[in-house]
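Work through the exercises below with the sequence and the model side by side. Try each task before reading its solution.

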Amino acid sequence: MGKPTWVFCIWACLLAMALFAPCAGKASGSTWIVDDDEGWWTDYTNIQDAIDNASKGDVIRVFNGTYYGYHSLENEVQMYGNGTEHTIVNALDNWSGFDVNSDNVHIEGFTIFNTDRWIPSDPGITLLGSKNLTAINCKLYDGRHGIFLNDTRDNYFANIEIFDMSFGNTSAGIFIDGWDTHDTIFENITIHDANNGITIRDGCDLEFRNCTIFNGTSTGVYLPSYSTSRITFTGLEIWNTRGTGFFIDGRNNGIKMIDCSVNNSEWSGILIENCYDEMLIDNCTLFNNGHNGIKIFESGEVKIMNSTIHNNTIDGINLEECYYNVVLIDNCTIFENGRTGIKVYQSDEVTIMSNTIHNNTLDGINLEESKDNFIEYCYISNNGIDGINLTIENERNVIRRCNITSNRDYAIYICGGSKENEIYHNNIFDHTLSSQACDDNGNNDWDDGSFGNYWSDYIGYDDDGNGIGDQPYSIGGRGRAKDRYPLMTPLNGTGPRNIPEFSTMVLVSLSMFIIIAMMRRRHGGSDKELIGCLFAIATIGVLVSASTLAPSFGQTEQDGSLHNRVILFSNGEENLKNEADVAETRAEEMGGVLEMIEDRIEGIPWYQDLERPTEFDLVDIEYDMTPYTWEEPISLYVNYPTDDEGIVVQIIQGEKHYNPTKLNLKGLHYLHAYRDTGDIRYLERTELFAGKLIEMATESNGAIWLPFDFDRPLVGMEESMEGPWFSGMTQGQGLSLFSRLYEETGNAIYKGMADGLFRSLTSEKEELRQGDPWVACRDDDGYYWVEEYPLEEPMHVLNGFIYAIYGMYDYYQLTEDEECLDMFEESLITVAHYAPMYRNRKELSRYCLGSDIVLDQYHQKHITQLNTLKQMSGDGFFSLLASRLKWDEMKYWEERNTPR
C-alpha cells in the first residue's frame, strides 16, 4: 500500500470515530448506531440501550442482525432498520416487540416476531395512549396481535405484512380498542394466516386503503358489539377465510366498504347483525362464498349499491327481520347464486331498484312474510324457478317498471295468503307456462286503475287504439286475478335486457367505432382521420388493459409523505405559516392539507392575500367533460307526469303546468342519450320537448323568454315569485339545449331560439324600461350577474348563475360569438370575486348572498359546479374554492358526529 493511500485511511478512520463515537450529553437530533456485531462504528449493541439514551428527535439506525427482548419507546425518536430481511426483532415471549409510549415516533424497516402468546395483549407494535406514530415497511408475525391500538390517534401504517397471528379466538392481525382511538390510516397492509384479520371493538374515523386479508382461521374483518363510527374500507380484498369475510355485529355507524372484494369465505361474504346505523357497500364484488354473498339480520339503514354478487352457495343477498329501517339495494348485478338472487324474510320497507338479477338456481327475488317493500326498474331473467316469488303472507309490496323475462316457471308467483300487493307497469316476456304469472289469492292489484303490464302472450285487441287491450289478461292460479288494462306494446318499446359476454360487448363496441370511422371517411374524412380513429381504439384497449393490470407504484411514498407533512405542521406556528405559503401555490395537489393548517392558526382568514383572477380563457373541453352528460342514458320509460302528448308537466294543486326548467333538463337528458346510443327515439323525445318550449316562448326587446305561468315559493324563504316570471337559470339551460340541438340537427329554428335566449342574457336590467322582463344586471361595483330569481333586491343565487354560464359556454362553442366570449369572462370574474363570500368555514355554503340559507344539496352542487368552471376556464382558482368547500363539509359533519 502506498503512502498516500495509507494516510488517507488513517484520516478516514479518525473522522469516522469523531462522528460516531458515543459520548455523554450527545445533542438532540443526533444519530445513534445499533449493531450486534460490536464494530468500531457502533454506539450500542442492543436497541433498548439506544432508546434509553436517546433524546427527543434523535434517529436510531439499527444495522443487520437479530435483536432480542421487549422494547419500550419513551422518547420521540425515529427508528430505522435495514429492511425486513436483515433487521430482526425477536421479542422472546415478552409483552411486545415495540411498545410505543411517546408521541411522534417513526418505525421503519423491521421484522418483529415471537411475542408472548399467553399475555392478553402482546402485539408486535403496541400503542396505549400515545399518538402520531408512523410505521412503514415492516413485517410482523408469530404472536397474538400484529398491531394493538388503544386510545390513540393520528397514526399512519403502510406497507406492512402481518401473519401467523392465530393464537386464541381474540387474536388479530390488527386489534383496535378504546373510543378515543381515531384518525388513523392503514394503507397497503397484508394480513394472512391470522385468526381475525382486523378486529375493531371501539374507535372512529379510521381509514383502511388497499389492504388484503386472506387465509384467516375465523373472520376477515370483525366489528363486535361495541361502538365504532365512520370506518372506511377502500380497495379491501378478503379471500379464503374459514368464517365470515366481513362481520359487523352491534352498534356501529358510518361503516363504508367501497371498491372492495370478498370471496371464498366458508360462511357469508358480509354479515351484518343488530346494526341500525348507516352502512354503505358500494362498488364491491362478492363471489364464491360458502353461504350468502351478503346476509343482513335485524339491521337497517344499509345501502348496497353498484355491486356484483355471484356464485355464492346460498343467496346473493339475504335479509331477515329488518323492520322499519330502510335497506336499499340499488344498481347491483346478482347472478348464478345457489338459491335466490335476493331473499327478503320478515323484512319491511326494503327498496330493490335498478338491479340485474339472472340465472340464479331458484328465484330471482323471493319475499316471505314481508311488507311495504318496493321492487322497481329491475331486469330479472333466466332464473331457475320464478322471477319474483311472493310466498306466505306478504302484504302491500309494489312491483313496477321491471323487465321480467325467460324465467323457468312464472315471471311473478303469489301464494300463501299474500295480499294487497301491487303489480303494474312491468314488461313480462317469454314464460312458457299457460300464464306468465300466478296468483293463488286473488286480492292483489295487477294494474294501477289505468294501466297494467305488458304481456308478450296477450292476444286481445285494442279497437279504440289507446294502447290498452280491450280484454283483461287472465292471471293463472286459484285467485282468478286479472290485469284489467294490459298494454299492447312494451313500455318504451323495449324488450328484455340482454346480458352479453364481455367479448361480445368488446367486439360490438369495436365494430361501432370502425363503422363510425368508415362513415367519416365516406363523407369527406381523410385517410389520416380513419387511421387516427383506429389507432385511438387500439390505444384505448392498451390503456384499459394497463389500468386494470398495472400495480399502483409510488402511491405509498406519496401518501406517506403527505401524512408526514401533516404531522410536521404541528411543530409550531412559524413553521405553519411558512408551510402555508408553500401550500398555497400547490392547492390543487395538497387538497385539504392547507385547510388543516388554517384550522391550527387562529385568526388568519383563509382568503388572506388570496389573489382573485381577473382574466380567463375559454377552454375547448371534451364533450363528456361538459355539463349535462351522464354515465347512463335516461330510460325511455316515462315515470313522470305528462300531458296527452307525453310532455312532462308539473302538478300544482291538481292542475298541470309546463315548467320550462323541467322541459330543458329532460330535453338535455334525452339529447345526451341520443348522442350516446344513436337511438332515434331519444332525439324524437328531445324535439317534442323543444317544440313545447318554442310554443311557450315569448318575445320582448329582441330576446326570447321562457315563462313560468305559476307562482313559485323561493328556497328557504316566505316570499314567492308570482307568475308569469322568468329565471336566468332557465334561460341559460335553454341556451344549452337549443345550442346543442342545433349542432345535432342543423335545424335553423333551434339556432333562432338559441340566438334569442342569448340576447336575454345581454338585456341588462339597467338598460330596460320598467316592467320589461330581465334576468341580467350589474351590482353597485359593476359586476355582471345573471339572476335565477330576478327580484328588486337580487338574491345572487350561485348555482343558478353558474347554470347560465354553462349556456354561454355552449353558445360560444356553436357560434364563436365575441360578445358571448366577453360575457363568459365577465361572469367568471364575478364568480371568482364573490364565491369566497358564499363560504361558511366548517359549515355548509350559503345558497345565495341575499340570505343566510344553507342547504346540503346546494353545497354539493357548488362543489361540482366550481370544478366544472375550472375545466371550462383552465383556472385552478375554482378547484381551490371547491376543495375548500369539500373540507368545510367534512368538518361540518364531523363536528355533528354524523357520518357523511
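Buried means under 20% relative accessible area, exposed means over 50%, and partly exposed lies in between (1.4 Å probe, protein chains only). This is a predicted model: local features need pLDDT of at least 70, side-chain atom pairs count only at pLDDT 80 or more, and totals for chains, interfaces and linings use all residues. Residues are numbered from 1 along each chain as its sequence is written, and side-chain values use heavy atoms, with hydrogens and water left out.

**Exercise 1. Classify both partners of the salt bridge between Asp348 and Lys371.**

Step 1. Recall the term: a salt bridge is a side-chain nitrogen of Lys or Arg within 4 Å of a carboxyl oxygen of Asp or Glu.
Step 2. Check the distance. The closest N and O atoms of Asp348 and Lys371 are 3.7 Å apart.
Step 3. Locate the partners. Asp348 sits in the loop between strands S34 (342-345) and S35 (350-353), and Lys371 in the loop between S37 (365-368) and S38 (374-376). They are 23 residues apart. Strands (E, at least two residues) and helices (H or I, at least four) are DSSP runs, numbered from the N terminus.
Step 4. Apply the cut-offs. Asp348 has a relative accessible area of 1%, so Asp348 is buried. Lys371 is at 22%, so Lys371 is partly exposed.

**Exercise 2. Compare the span of helix H13 with the expected one.**

Step 1. Expected span is 1.5 Å times one less than the number of residues.
Step 2. H13 (residues 798-815) has 18 residues, and 26 Å is expected.
Step 3. From first C-alpha to last, H13 reaches 26 Å, close to expectation.
Step 4. Look around H13. Because 15 of its 18 residues are buried, H13 is largely enclosed by the rest of the structure.
Step 5. Look just past its end. Glu816 takes a positive phi of about 55°.

**Exercise 3. Describe the surroundings of Ser739.**

Step 1. Find Ser739 in helix H11 (residues 728-745).
Step 2. Its relative accessible area is 1%, so Ser739 is buried.
Step 3. List contacts (heavy atoms within 4.5 Å). Leaving out residues up to four places away in sequence, Ser739 touches Ala754, Asp810, Tyr811 and Leu814.
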